[in-house]
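Let's take a walk through this model together.

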Amino acid sequence: MPKSKVRRKPAYTPPPKAGPAPAGPSHPAYVGIMLGVGLLGLAWLVVNYLASESIPFMQDLGAWNFLIGFGLIVVSLLMTMKWR
């Protein structure tokens, strides 16, 4: 009977290097802060429209009130990108 061929083992290849571990979920306070900043921006705009003439410092700010209100909303939206 013929002799069987000897099987050769493949050369050792190390396992691929793993990247950084995936991050866990965000802290519950992060969601509260994110929503709070967005609602603060919305409230700033609403107060600006309804009562800015009777609030002295808001009247002094003038058109900057829009930048403040929309800026807070944009910060809140940017925070959603880091939310897990």
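Find Asn-65 and follow its side chain: it reaches the backbone oxygen of Met-58 at 2.9 Å. That falls under polar contacts, meaning a pair of N or O atoms within 3.5 Å; within protein, one must be able to donate a hydrogen and the other to accept it, and residues adjacent in sequence count only if both atoms are side-chain atoms. Before going on, a word on what you're looking at: this is a predicted model, where local features need pLDDT of at least 70 and side-chain atom pairs count only at pLDDT 80 or more, while totals for chains, interfaces and linings use all residues. Residues are numbered from 1 along each chain as its sequence is written, and side-chain values use heavy atoms, with hydrogens and water left out.

Back to Asn-65, which lies in helix α3. Helices here are DSSP runs (H or I, at least four residues), as are strands (E, at least two), and they are numbered from the N terminus. Is Asn-65 buried or exposed? Its relative accessibility is 1%, so Asn-65 counts as buried; the cut-offs are under 20% relative accessible area for buried, over 50% for exposed, and partly exposed in between, with a 1.4 Å probe and protein chains only. Leaving aside residues up to four places away in sequence, Asn-65 touches Trp-44, Leu-45, Asn-48 and Met-58, where touching means heavy atoms within 4.5 Å.

As for α1 itself, its 24 residues reach 34 Å from first C-alpha to last, close to the 34 Å expected at 1.5 Å a residue (the expected span is 1.5 Å times one less than the number of residues).

Now look for aromatic rings: the structure holds 2 aromatic pairs. In one of them, the ring centres of Tyr-49 and Phe-66 are 5.9 Å apart and the planes sit at 65°, so this pair is edge-to-face. It links distant parts of the chain, with Tyr-49 in α1 (residues 28-51) and Phe-66 in α3 (residues 64-79), 17 residues apart. Rings of Phe, Tyr and Trp (its six-membered ring) pair if their centres lie within 6.5 Å; planes under 30 degrees apart are stacked, over 60 edge-to-face, and the rest tilted. Tyr-49 is exposed at 63% relative accessibility, whereas Phe-66 is partly exposed at 33%.

Next, slide to the segment before α1, where you'll find Ser-26. Ser-26 is buried, with a relative accessible area of 18%, and its side chain reaches the backbone nitrogen of Arg-84 at 2.9 Å. Pro-28, in helix α1, is exposed at 65%.

In the model, residues 29-51 are 100% helix, and residues 63-81 are 84% helix.

Finally, confidence: the chain's mean pLDDT is 90, and 96% of its residues reach 70 or more. pLDDT is the predictor's confidence in each residue, from 0 to 100.
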